[in-house]
Amino acid sequence: MSSQSPSAGALPAVSPARVLAGLCLLVPIVVVLWVPSYAKAEPSLGGMPFFYWYQLMWVPVSAVFTTSAYLLLRRDEAARRAASAGSAPVPAQPDGGEQS
Amino acid sequence: MKHVDWTAMTVFLLFFVVVTVMGFMAARWRKADDAQHLHEWGLGGRNFGTWVTWFLLGGDLYTAYTFIAVPAAVYATGAAGFFAVPYTIIAYPLVFLILPRLWSVSRVHGYVTPADFVRGRYGSRGLSVAVALTGILATMPYVALQLVGIQAVLSVLGLGGSGNWFLQDLPLFVAFGVLAAYTYSSGLRAPALIAFVKDTLVYVVILVAVIYIPMRLGGYGHIFDAAAHKFAPPADGSKPTGSLIIATASQWQYATLAFGSALALFMYPHSVTGVLAAKSRNTVRRNMAILPTYSLMLGLLALLGFMAIAAGVSRGDKKFNAQLAVPQLFADMFPSWFTGVAFAAIGVGALVPAAIMSIAAANLFTRNVYKEFLKPEATPADETRVAKIASLLVKVGALAFVLVMDKQAAINMQLLGGVWILQTAVALVAGLFTRWFHRWALLAGWAVGMAYGTWKAYGISSAATKHFGGSAAEIPVLGQVGYIGLTGFALNLVVAVVLTLVLRALKAPEGTDETSKADYSAEAGDEAVEQAPQPTLAH
């Protein structure tokens, strides 16, 4: 999957997983900073104005987004490790092993 | 003196005794072989897994003062006080990209504090000590505010108030004496262990509160009606004290305060300490995904401010101290024994962050002032000894702050501390991604941000205080009212960019960077991490 990248075996710095993870992190930030979109009382929920329940709702939703970013990056990192291990027989640190 | 609620008092004391015993026993929890190393006392051996880190960071970031101040702000001003919710929503995605890199590079090079990293990255003692001193300065009033949190609880319990000064403050002396003693002996392990009790208590109390209190008050609809009534424009044409929905003119302030505070949150030394104590990079990431559980609690807690309005805790007193709104609400609504549990949650909730903050400040002093400038040949054992003593001094300082200066001074200083700590963000965050910035430019940017923030804050008065009465002022160019910390941060960044361009053109010496690109993505188990130097050998 990384055959087209210049250094054999290494994944490009900008991979689809990283971009997607970045978007996952960006969405909740943009949503809550856009205050005019939720500075209103209606529709209320169980007596609670929109302003309050909407922001409270975004707490768990943001956690879902962050979790998705975590899972995406974990897979991406595993792929990178596998790629660099597969392409180079020596471990990541060239001088590792001999010192200390 | 007011009537003392003995049932509540007994329950409160019982929990206090339990956590004290736990604090001392923590020294033996996950005991290490080289207990003399600062990373043992000051970072709990850098070995906390996902759940311990979750409890520790939760206990650390959501302080007793938060429990008092957030609902107090909602009680007094309505919607504006709710900014704590977007603030904590933004914080985790924002630092998700930043903190794992800080963890990795700190692990590879054995850094204990953020200033250690700045020192290693830029080879600049000046920038490093600026970051360290800002951290210490911002943390001290924060520790003091934890005392204010305990005081609020004790005052509603019937202690304090009138009477002679010694008896009035005696419970505070005892609480902090005990806290100081077990922090001294157990280091970061003490708050980590006590955090389990604290957070369990907090979850139970808040869940009960947001279900039980609305039932007694006639539901959320009635609660918000009461709040709407309070914030309705008064008949005499004077300005209302707040609003139920954020007004158009205040939206910039709401958003900039949330964003600036979120960025500042993880610049605080105590947050960094909690993060660096995690055992792996992915432990840190997982925590960014699960810490919002606490934010949900905080959001529900904020609603208690409206419940306090509906319950009429002020009893018509126009000068009622909003800080007492939640303790008074608990005392009015709950049976005595559960009031004791709720107050224990706040009291223990003060001890955990106070311990971590004093440890973090002590680490900064030891590593970046004492070892850097006073005694470069200090051994690891020396460092640990100095840090332990420094942690005591921080707490004594905080206690003196609360007792000698008034409570308002602590609140003002803490607001200012948030503005200040944000000014370390440019050097720290930029440094984790690029070495483009010049160290002198970053130092100049920091100085400009600090000066701007302090000057602006000095000029803000409020009903309670002549200076440092708030943290919002007009943003130059934009013309909107916004958080001065964030405006200072923007100025800081502009100065750093411009001066970097100038200094690079002049070929000013850049300083040595002891880190390499791979250090920033190192994970536990990697060779670089396994062979990481002990903290004191880092430089």
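The questions and answers below concern a predicted model.

Reader: Is Val32(A) buried or exposed?

Author: Val32(A) has its place in helix α1 (residues 16-33) of chain A. A residue counts as buried if 20 or more other C-beta atoms lie within 10 Å of its own. For Val32(A) there are 27 other C-beta atoms within 10 Å, and Val32(A) is therefore buried.

Reader: Which residues of chain B does Val32(A) touch?

Author: Residues up to four places away in sequence are not counted here. Within chain A, Val32(A) touches Gln55(A) and Trp58(A). In chain B, Val32(A) touches Pro86(B), Ile89(B), Ile90(B) and Ala258(B).

Reader: How far apart in space are Val32(A) and Trp58(A), C-alpha to C-alpha?

Author: In sequence, 26 residues separate Val32(A) and Trp58(A). In space, their C-alpha to C-alpha distance is 7.9 Å.

Reader: Which helix gives the most to the side of chain B that touches chain A?

Author: The contact between the chains takes 34 residues from chain A and 36 residues from chain B. On the side of chain B, helices that each supply at least two residues include α5 (84-96), α11 (219-231) and α12 (251-265). With eight residues, the helix that gives the most to this side is α5(B).

Reader: Which residues touch the most other members of the largest nonpolar core?

Author: The largest nonpolar core has 215 residues, and helix α17 (residues 336-374) of chain B gives the most to this core, with 20 residues. Ile90(B), leaving aside its neighbours within four places in sequence, is in contact with Ile29(A), Val32(A), Ala258(B), Phe259(B) and Ala262(B). The residues that touch the most other members of the core are Ile90(B), Ala144(B) and Ala258(B).

Reader: Are α7(B) and α8(B) roughly parallel or roughly antiparallel to each other?

Author: Two packed helices are described by the angle between their axes and the distance between the axes. Helix α7 (residues 114-122) of chain B and helix α8 (residues 125-157) of chain B have axes 8 Å apart and pack at an angle of about 165°. Angles over 145 degrees count as roughly antiparallel. The two helices, α7(B) and α8(B), are therefore roughly antiparallel.

Reader: How many nonpolar residues has the contact of α7(B) with α8(B)?

Author: Among the residues of α7(B) that meet α8(B) are Pro114(B) and Val118(B). By class, this contact has two charged and two polar residues, and its nonpolar residues number seven.

Note on methods: Residues are numbered from 1 along each chain as its sequence is written. Chains are lettered from A and ligands numbered from 1 in the order in which they are written. This is a predicted model: local features need pLDDT of at least 70, side-chain atom pairs count only at pLDDT 80 or more; totals for chains, interfaces and linings use all residues. Two residues are in contact if their C-beta atoms, placed from the backbone, lie within 7 Å. Helices (H or I, at least four residues) and strands (E, at least two) are DSSP runs, numbered from the N terminus. Axes are lines fitted to C-alpha atoms, for helices over the stretch in contact, and angles run from 0 to 180 degrees between N-to-C directions. Angles under 35 degrees count as roughly parallel, over 145 as roughly antiparallel, 65 to 115 as roughly perpendicular and the rest as oblique. Ala, Val, Leu, Ile, Met, Phe, Trp, Tyr, Cys and Pro count as nonpolar, Asp, Glu, Lys and Arg as charged, and the others, Gly among them, as polar. A nonpolar core is a set of buried Ala, Val, Leu, Ile, Met, Phe, Trp, Tyr and Cys residues joined through C-beta atoms within 7 Å. A residue is buried if 20 or more other C-beta atoms lie within 10 Å of its own, exposed if 12 or fewer, and partly exposed in between; C-beta atoms are placed from the backbone.
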